Amino acid sequence: GIKVRRVMGFERTSDPDGGMVGYWSARLVAAYSMDGATGSTVPLVYSVTRAGPSPTNNTIVNFTVQFSEAVTGVNSTDFTPVMTGAVAGANVTGVTPDSLDASLYTVHVNTGAGDGNIKLDVNSSNTGIVDTNENQPLNGGFTTGESYIIDKTPPTPNPFTLTSPNPTNATNVNFTIDFNESVTGVDINDFDLVDMGVSGASIT
């Protein structure tokens, strides 16, 4: 239904007969709101974004949740980790409000076990989240946030392959090594030579 709030306003006016100039008069202002609302907007979830790098093998990952306005009543039970792939056992371990912005919260998620993806949904009901001004409840949940790629399985090297002629008297010979997945950070310090009747050999 429609609710009416009565507001007393004041305005400066002049006596049309000129007897009193610049006096103040009061007038009644009617403010309307629909469906029992107070005129304020209900809080919404704007976004759920990663707060760290992806892919990751971290035990804990963080998500940043942005609301449309300052809210309170946010806790771990208001969120659900959504797992795909072989990830299992992920759970929310805590919620930290931003120290300067009451519309921002960081949600901490344990990544469980296995490889796959984790995203964080805001539950659509029974959250207890309300705005800080007029206790309006959260309007719906949020299910389209960013995901982390979880990769906890270390790469495995395959056996070396000699790619130079053998036997040889060449100054340099080459070996090729393949891994079972894409890797980075490979350099000469990752390998050791095993000399078998050869001295002074080195990895270049």
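Predicted model: local features only at pLDDT ≥ 70, side-chain atom pairs only at ≥ 80, totals over all residues.
**Stop 1: the whole chain**

Show the chain as a cartoon and colour it by secondary structure. There are 13 strands and zero helices in the chain. Read from the N terminus on, the elements run β-β-β-β-β-β-β-β-β-β-β-β-β. Now colour the chain by accessibility. Of its 204 residues, 22% are buried. For contacts with a separation of 6 or more, 59% are between residues 24 or more positions apart.

**Stop 2**

Select residues 79–85, 116–122 and 147–150, which are strand 6, strand 9 and strand 11. Together these strands form an open sheet in the order 6-9-11, and the pairing is antiparallel. Which strands are at the edges? Strand 6 and strand 11 are the edge strands, since each of them pairs on one side only. Look along the sheet to see the twist, which averages 25° from one strand to the next.

Keep strand 6 and strand 9 on screen. Seven bridges pair them in the antiparallel sense.

Select K119 and look across to strand 11, where its bridge partner is S147.

Before leaving the sheet, show the side chains. In a regular strand, side chains alternate between the two faces of the sheet.

Then bring back the rest of the chain around strand 9. Is strand 9 largely enclosed or open to the outside? Strand 9 is largely enclosed by the rest of the structure, because six of its seven residues are buried.

**Stop 3: A113, in a loop**

Select A113, in the loop between strand 8 (104–110) and strand 9. A113 and A88 are 25 residues apart along the chain, yet their C-alpha atoms are separated by 5.4 Å. Leaving out residues up to four places away in sequence, A113 touches A86, V87, A88 and K152.

**Stop 4: I177, after strand 13**

Move to strand 13 (175–176) and select I177 in the segment that follows this strand. I177 has a relative accessible area of 24%, so it is partly exposed. Which residues does I177 contact, leaving aside its neighbours within four places in sequence? They are P157, N158, F160 and F191. Draw a distance from I177 to P157: the two are 20 residues apart in sequence, and 7.0 Å apart in space from C-alpha to C-alpha.

**Stop 5: the largest pocket**

Switch to a surface view. Rolling a probe the size of a water molecule over the atoms shows where empty space is left. The largest pocket holds about 970 Å³ of space. Select V173, F175, L193, A201 and S202, which are the closest to its centre among the 24 residues that line this pocket. Colour the lining by class to finish. The lining of the largest pocket has 15 nonpolar residues, seven polar residues and two charged residues.

Definitions and conventions
Residues numbered from 1 in each chain as written. Heavy atoms only, no water. Pairing = 2+ DSSP bridges. Helix = DSSP H or I, 4+ residues; strand = E, 2+ residues; numbered from the N terminus. Axes fitted to C-alpha atoms, helices over the stretch in contact; angles between N-to-C directions. Buried < 20%, exposed > 50% of the residue type's maximum accessible area, 1.4 Å probe, protein only. Contact = heavy atoms within 4.5 Å. 1 Å grid on protein atoms, 1.4 Å probe; cavity = no way out; pocket = protein on both sides within 12 Å on 5 of 7 lines; lining within 4 Å. Points joined across faces, edges and corners; volume = space filled by probe spheres on them. Nonpolar A, V, L, I, M, F, W, Y, C, P; charged D, E, K, R; others polar.
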